[in-house]
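Please look over the sequence and the 3D structure below. A short report follows.

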Amino acid sequence: MKIAGNFMIASAIETMAEAVALTRAHGIGATDFLDILTSTLFAAPVYKLYGGMIAAEKYEPAGFEAALGLKDVRLALAAADAHNVPLPFASILRDNYMELIATGGAEKDWSALGQLAASRAGLGRRG
């Protein structure tokens, strides 16, 4: 259950990271976007905590390191393989965490997927 729960959290982080990159590219501030969403449709603690970290671009100190996120995604994939359960999004998460780690993000919080998404979108750090 823990691995499945962490898979869900990693999935939420990835979708927030991509949505923030999209809205930033259109001139909408990450904080404004996430404040609206986390006070309406996505008012859950996971969205508020990790959305806030993505909006603030504050990935250190890590509460849960990206390397641990990769480990849990790999465990979810292994559990899925054991019972022939397709988890296509887990494969994407694995690749994204591997890229984040390969580019120096192993010790950053697993919400640093926000930094990866922004980088891929050609968005530098705010500031």
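The model shown is predicted.

Y97 also stands out in the largest nonpolar core, which has 32 residues. Y97 and L113 are the residues with the most contacts inside this core. Helix 1 (2-25), helix 2 (30-38), helix 3 (45-56), helix 4 (66-82), helix 5 and helix 6 (113-120) each give two or more residues to the core. Helix 1 gives the most, with eight residues. In soluble globular proteins, nonpolar side chains tend to be buried together.

## The overall fold

The protein chain has six helices and zero strands. Read from the N terminus, the order is α-α-α-α-α-α. The C-alpha atoms fill a box of roughly 45 × 35 × 25 Å along the principal axes.

How does the radius of gyration of the protein chain agree with that of a compact globule? A compact globule of 127 residues would have a value near 14 Å, and the protein chain has 14 Å, so the two agree.

## Inside and outside

Buried residues make up 39% of the 127 residues. The accessible surface of the protein chain comes to about 7,000 Å². Carbon and sulfur atoms account for 63% of that surface.

Charges come next. The protein chain has 11 positive and 13 negative side chains. The centres of these two sets lie 2 Å apart.

A66 lies in helix 4. Its relative accessible area is 0%, so A66 is buried. Not counting residues up to four places away in sequence, A66 touches Y97, L100, I101, G105, A106, K108, D109 and W110. P45 is 21 residues from A66 in sequence. In space, the C-alpha atoms of A66 and P45 are 19 Å apart.

N96 sits in helix 5 (residues 88-105). Is N96 buried or exposed? N96 has a relative accessible area of 5%, so N96 is buried. Leaving aside neighbours within four places, the contacts of N96 are E14, L113, L116 and R120. S11 is in helix 1. S11 counts as buried because its relative accessibility is 14%, under the 20% cut-off. With neighbours within four places left aside, S11 is in contact with F89 and L93.

Most residues other than glycine have a negative phi, and most peptide bonds are trans. Some places in this model depart from that pattern.

Which peptide bond is cis, with omega near 0°? The bond from E60 to P61 is. P61 lies in the loop between helix 3 and helix 4. E57 is found in that loop too. Phi of E57 is near 55°, a positive value in a residue other than glycine. E57 is buried, with a relative accessible area of 11%.

N84 is in the loop between helix 4 and helix 5. N84 has a positive phi of about 55° although it is not a glycine. With 70% relative accessibility, N84 counts as exposed, because the cut-off for exposed is over 50%.

Terms used. Residues numbered from 1 in each chain as written. Predicted model: local features only at pLDDT ≥ 70, side-chain atom pairs only at ≥ 80, totals over all residues. Heavy atoms only, no water. Helix = DSSP H or I, 4+ residues; strand = E, 2+ residues; numbered from the N terminus. Rg over C-alpha atoms; globule rule 2.2 N^0.38 Å. Buried < 20%, exposed > 50% of the residue type's maximum accessible area, 1.4 Å probe, protein only. Areas by Shrake-Rupley, 256 points an atom, 1.4 Å probe, with all protein chains shown as cover. Lys, Arg positive; Asp, Glu negative; His and termini not counted. Charge placed at Lys NZ, Arg CZ, Asp CG, Glu CD. Contact = heavy atoms within 4.5 Å. Core = buried A, V, L, I, M, F, W, Y, C linked by side-chain atoms within 4.5 Å.
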